[in-house]
Amino acid sequence: MVAEAQGRIVGDVAICAVTLTDGPAGWYALGPVSVEPSMQRTGVGSELVRAGLQRLIELDAKGCVMLGDPAFYSRFGFAHQPELRDPGPSAGYFVALSFLPSRPQGQVRHHAAFTGEAQPLARADPLRQAPPGRSGP
Ligand SMILES: CC(C)(COP(=O)(O)OP(=O)(O)OC[C@H]1O[C@@H](n2cnc3c(N)ncnc32)[C@H](O)[C@@H]1OP(=O)(O)O)[C@@H](O)C(=O)NCCC(=O)NCCS
């Protein structure tokens, strides 16, 4: 999701699915969140987090995790949940928010698109797709 101001994109937040090794389905990761430096501290980042959480509720999510400063994200309800673990190097910045009273346990695995392990999509070749007899761009 992106934030726009005067026709320009000034911030974004990503959402992707995560897997909990011994927990329920329906968990997601929110973030990264980024706001253009000149627009920071004007409420855009908070609005992106709130919009992202609203979208997750619409998706019937059970909860979400986040890698970010707990000092900022605690205001949205995120907190360290010791029963959820992130194997990455940023464990101190790993926070979670359950939308249900139950608290799952286990290790969080991010989607391959988040970790960069996903295979790139095959690129369309415009020359190959051009009609016969026409040259490429
Ligand atoms: C972190 C970030 C997304 C916050 O967005 P923002 O639009 O600046 O934040 P908002 O204006 O909605 O909220 C400002 C509040 O957040 C606090 N805040 C902003 N960045 C913070 C940070 N890194 N750590 C702690 N608090 C932070 C401010 O102190 C301010 O608090 P206040 O409301 O009590 O005055 C933005 O600063 C950013 O893009 N930073 C660089 C990228 C980054 O670090 N992203 C987070 C990793 S997921």
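**Entry 1: ground rules**

I start with a term I will need throughout: two strands pair if DSSP finds at least two bridges between them. The strands (E, at least two residues) and helices (H or I, at least four) are DSSP runs, numbered from the N terminus. I am looking at a predicted model, where local features need pLDDT of at least 70 and side-chain atom pairs count only at pLDDT 80 or more, while totals for chains, interfaces and linings use all residues. Residue numbers run from 1 along each chain as its sequence is written.

**Entry 2: the whole protein**

I looked up the elements and found four helices and seven strands. Read from the N terminus, their order is β-β-β-α-β-α-β-β-β-α-α. Next I asked what share of the 137 residues is buried. I got 25%, where buried means that 20 or more other C-beta atoms lie within 10 Å of a residue's own, exposed means 12 or fewer, and partly exposed is in between, with C-beta atoms placed from the backbone. I then turned to contacts, which are pairs of residues whose C-beta atoms, placed from the backbone, lie within 7 Å. Of the contacts between residues at least 6 apart in sequence, 59% join residues at least 24 apart.

**Entry 3: strand S3 and its partners**

I followed S3, which covers residues 27–35. S2 (8–20) pairs with S3 in the antiparallel sense, over six bridges. One bridge I checked links Ile-15 to Leu-30 in S3. The two strands form a hairpin with six residues between them, and Gly-26 in that turn has a positive phi of about 90°.

On to S4 (63–67): S3 and S4 run parallel and are joined by three bridges. Here Tyr-28 stands opposite Cys-64 in S4. Together S3, H1 and S4 make a right-handed β-α-β unit. Right-handed here means that, with the strands pointing away from the viewer, the path from the first strand over the helix to the second runs clockwise.

**Entry 4: helix H1**

I wanted to know how the end-to-end distance of H1 compares with what its 15 residues should span. The expected span is 1.5 Å times one less than the number of residues. For H1 that is 21 Å, and the end C-alpha atoms are 21 Å apart, which agrees.

Which residues of H1 are buried? I noted Val-44, Leu-48, Val-49, Gly-52, Leu-53 and Leu-56. What covers these buried residues includes S1 (2–5), S2, S3 and S4.

Most residues other than glycine have a negative phi, and most peptide bonds are trans. I went looking for departures. The peptide bond from Gly-31 to Pro-32 is cis, with omega near 0°, and Pro-32 is found in S3. Arg-41, not a glycine, has a positive phi near 65°; this residue lies in the loop between S3 and H1. Arg-41 counts as exposed because it has 9 C-beta neighbours inside 10 Å. Asp-60 also has a positive phi, about 65°, without being a glycine, and is placed in the loop between H1 and S4. With 8 C-beta neighbours inside 10 Å, Asp-60 counts as exposed.

I found Asp-22 in the loop between S2 and S3. Buried or exposed? Asp-22 has 9 C-beta neighbours inside 10 Å, so it counts as exposed. Leaving out residues up to four places away in sequence, Asp-22 touches Gln-105 and Gly-106. Asp-22 and Leu-84 are 62 residues apart in sequence, and their C-alpha atoms are 9.8 Å apart in space.

Leu-84 has Gly-106 in S7 as its bridge partner. S5 (84–85) and S7 (106–110) pair in the parallel sense over two bridges. S7 also pairs with S2, in the antiparallel sense and over three bridges. There the partner of Val-18 is His-110 in S7.

**Entry 5: around the ligand**

Last, I looked at the ligand. Of the 16 residues around the ligand, Gln-40, Gly-45, Ser-46, Asp-69 and Phe-72 come nearest; a residue is near a molecule or strand if its C-beta atom, placed from the backbone, lies within 6 Å of it. S3, H1 (44–58) and H2 (70–73) each supply at least two residues of this shell. Which element gives the largest share? S3 does, with five residues.

By class I noted six nonpolar, eight polar and two charged residues. In this scheme Ala, Val, Leu, Ile, Met, Phe, Trp, Tyr, Cys and Pro are nonpolar, Asp, Glu, Lys and Arg are charged, and the others, Gly among them, are polar.

Notes:
Contact = placed C-beta atoms within 7 Å.
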